[in-house]
Amino acid sequence: MSAAITLAGVSKRFGSAENLALNHVDLEFAAGARTAILGRSGSGKSTLLRIVAGLDEPTAGAVLIGGRDVAGVVPERRGIGMVFQRALLFPHLSVLDNVAFALRAAGRSRSEARHNAQPYLDLVQLGEYSSRSVSSLSGGQQQRVAIARTMAARPSILLLDEPFSALDPALRADMHALLAELRTELPPTMVVVTHDADEAAALAERIVVLADGQVLQHDTVDRIYHRPASLAVAQFMGGRTAIAGVVADGTHRSALGSVVVDADSPDGEGLLVIRQECVQIADSAEFSGVIAHVARKGARREATIACQSAELVADLPPGDTARPGDVVRFRFAPGAASVVPI
């Protein structure tokens with residue numbers, strides 16, 4: 001079971017603060033959808049989540065769940081489950097009793113609550129840990145228990161507020177895989193808050209990019225990456241190239257040369273944006289430039305290529321030995337170039 005979420009003109013001001021934490025936000029999350037709210041610290045993403053959950057009240061606007069205005073509805077009656085950065089487990093209860101807690105709170109007997117909780121513990125691959133103390137578990141295991149506890153209440157909406165930010169990269173990847181597996185068993189509408197673009201893409205079908213309490217873009221993962229609505233979105237998603245030029249009849253012209261862009265790109269000044277992994281180094285390619293700088297990015301290398309007064313960034317293929325001063329030829333992956341306003 002899942003429910004749609006609608007935010008209509010939602011604003012939030014804390015006390016006498018000059019700036020709004022959320023500024024007239026309009027958003028719709030379809031029932032069963034997986035959406036990531038992405039933004040830097042202070043962007044308003046956690047405030048948005050807390051307003052949906054009923055932990056904070058909006059200063060203006062309305063929140064609808066399943067088409068019903070939930071103004072004044074207490075959090076526990078909104079059909080929402082929430083997972084936080086910290087697991088917030090009960091140290092005096094066993095692992096199984098932590099998962100059974102919501103069922104006990106709903107009036108189930110201890111034996112019935114435990115019986116119904118065990119399958120959720122099995123789902124998060126901790127079935128054999130049921131009698132253990134939660135203090136004996138690792139951080140990743142504790143978050144698994146927190147997710148099992150939340151899902152045992154069978155919420156129609158699952159909210160996650162940076163739940164994996166304290167985990168190391170390997171554990172985070174495990175948790176991403178776990179949530180993907182749970183989707184086949186339990187289908188609530190899911191909204192996850194994160195500041196990590198890669199995590200947003202791993203967990204969600206759609207992404208909302210927030211900045212200063214305003215929605216910069218709400219779109220599919222692919223379009224957020226490859227058809228950003230603004231330079232701010234392109235840069236937040238890790239894009240490194242923005243070349244000023246002029247668009248006419250679906251072609252962007254700049255110091256780089258002529259690049260075909262979307263036919264509906266408006267004529268006039270615009271910034272060509274293209275992701276570094278979409279720049280392909282090839283001897284027979286149409287564009288050329290001089291490598292100005294090479295930087296190591298983990299297992300890969302990234303080159304800044306100067307083309308007259310324009311610069312772009314490209315991922316170098318494995319084994320490429322290019323160095324500053326080398327002349328290289330390159331092309332763009334089909335459909336990869338996009339234009340945003342200057």
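Of the contacts in this protein chain between residues at least 6 apart in sequence, 67% join residues at least 24 apart; a contact means heavy atoms within 4.5 Å. What you are looking at is a predicted model, where local features need pLDDT of at least 70, side-chain atom pairs count only at pLDDT 80 or more, and totals for chains, interfaces and linings use all residues. Residues are numbered from 1 along each chain as its sequence is written, and side-chain values use heavy atoms, leaving out hydrogens and water.

**Overall build**
- The protein chain holds 9 helices and 20 strands, which are DSSP runs (H or I, at least four residues, for helices; E, at least two, for strands) numbered from the N terminus.
- Its C-alpha trace spans about 75 × 45 × 35 Å along the principal axes.

**Inside and surface**
- Of the 342 residues, 48% are buried, meaning under 20% relative accessible area (1.4 Å probe, protein chains only).

**The largest pocket**
- The largest pocket has a volume of about 850 Å³; a pocket is an open set of points on a 1 Å grid over the protein atoms alone, where a 1.4 Å probe fits, with protein on both sides within 12 Å along at least five of seven lines.
- Its lining has 29 residues, and Pro 75, Glu 76, Ile 80, Gly 81 and Met 82 lie nearest the centre; lining residues have an atom within 4 Å of a point.
- Strand E6 (80-83), helix H3 (101-105) and helix H5 (139-152) each give two or more residues to this lining, with E6 giving the most, 4 residues.

Notes:
Buried means under 20% relative accessible area, exposed over 50%, partly exposed in between (1.4 Å probe, protein chains only). Grid points are joined across faces, edges and corners, and a volume is the space filled by probe spheres set on the points.
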